[in-house]
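Here is a short briefing to read alongside the sequence and the structure. Have both open as you go through the points below.

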Amino acid sequence: MISKTKIKFIKSLQLKKNREQTRLFIAEGHKLVEELLAMSRAHTLVATQEWLANHSAPPADEVIEVTSDELRKVSLLQHPQQVLGLFPFFASDTHAINTSTLSLMLDGIQDPGNLGTIIRIADWFGINDIYCSQETADMYNPKVIQATMGSITRVRLHYGALEPMLRQLPADFPIYGTLLEGNDIYSEQLSAHGLIIMGNEGNGISAQVRQMVNCPLLIPNYPPNTPTAESLNVAIATAITCAEFRRRIK
């Protein structure tokens, strides 16, 4: 049985200020919780008898067995999946950009679903680091965590002011950005290392950061010069861009 106090506490972690105060975030579902348990000990697990029967002695400070009805009271999902976990924040590290590989930078991505999908895309294409502006959605937002489908355990996110990070890069380091005035991505030379900047859903890359892009890219519509959608969803654009880099760089 789960107490009303515990239910209230878990629900409170929907708010960023409470997550930051407790340094805890919510994860739900078999795959996500099991991947997180493989890398860190849970603060709390709330699980049905069925889940616990298949996971003896899970690494957690507290394990609460609940019925399906009780799980629904605490779950943030429309259809709860037998287990919910509270996990500690990941260890933070330097904001210095890794110049030996391909990384992503997100300039004001505000939709949690987009951020979670981009993390999953990065995982698929072997991109280990994402550098985020302070205006980018919180990586520990439950909607972000769920959208990653476990990729949050393999992709590192770094938050900070983007301009200082960019200024530390060598002058000849490739800084790619998707811009309307960019060059056709399918005909441009792409490198195995560099930084791909994706901008805000409505306004694109901010003016200050745009000035630091030295390799502007455009994903052209098809057929060219025909009426089309105003723009691509940022997560879709990220997937197309990453796929083209990986297709070219063997």
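In this predicted model, the largest nonpolar core holds 50 residues, and those touching the most other members are Phe 25, Leu 104, Ile 130 and Leu 157. Domain 1 (4–88) and domain 2 (102–248) each supply residues to this core, so it lies between them. A separate core has 15 residues, including Met 165, Ile 175, Ile 205 and Val 209.

**A closer look at the main core**

- Leu 157 is a handy place to start, as it is one of the four residues that touch the most other members of the 50-residue core.
- Setting aside neighbours within four places in sequence, Leu 157 is in contact with Leu 115, Ile 119, Ile 130, Cys 132 and Met 139.

- The protein chain is divided into domain 1, residues 4–88, and domain 2, residues 102–248.
- Their C-alpha centres lie 31 Å apart, and the contact takes 15 residues from domain 1 and 12 residues from domain 2.
- Between them, the two domains bury about 1,100 Å², with 64% of it on carbon and sulfur atoms.
- On the domain 1 side, Arg 19, Leu 32 and Glu 35 lose the most area to domain 2, and together they make up 41% of what that side buries.

**What the UniProt record lists**

- An unreviewed UniProt entry lists residues 5–85 as "domain: MRM3-like substrate binding".
- Over residues 5–85 the chain is 43% helix and 21% strand, and the C-alpha atoms at the ends are 16 Å apart.
- For residues 102–242, the unreviewed entry gives "domain: tRNA/rRNA methyltransferase SpoU type".
- Over residues 102–242 the chain is 28% helix and 24% strand, with the end C-alpha atoms 9 Å apart.

**Asn 114, a buried polar residue**

- Asn 114 sits in helix α6, which covers residues 112–124.
- Is Asn 114 buried or exposed? Its relative accessible area is 9%, so it counts as buried, the cut-off being under 20%.
- The side chain of Asn 114 makes a polar contact with the side chain of Asn 233, at 3.2 Å.
- Leaving out neighbours within four places in sequence, Asn 114 is in contact with Ile 109, Glu 201, Asn 233, Val 234 and Ala 235.

Definitions and conventions
Residues are numbered from 1 along each chain as its sequence is written. This is a predicted model: local features need pLDDT of at least 70, side-chain atom pairs count only at pLDDT 80 or more; totals for chains, interfaces and linings use all residues. Side-chain values use heavy atoms; hydrogens and water are left out. A nonpolar core is a set of buried Ala, Val, Leu, Ile, Met, Phe, Trp, Tyr and Cys residues joined through side-chain atoms within 4.5 Å. Buried means under 20% relative accessible area, exposed over 50%, partly exposed in between (1.4 Å probe, protein chains only). Domain bounds come from an automatic or database domain assignment. Contact means heavy atoms within 4.5 Å. Helices (H or I, at least four residues) and strands (E, at least two) are DSSP runs, numbered from the N terminus. A polar contact is a pair of N or O atoms within 3.5 Å; within protein, one must be able to donate a hydrogen and the other to accept it, and residues adjacent in sequence count only if both atoms are side-chain atoms. UniProt positions are given in the numbering used here, feature names are shortened, and annotations may be inferred rather than shown by experiment. Buried area is the accessible area (1.4 Å probe) that two parts lose on being put together, summed over both.
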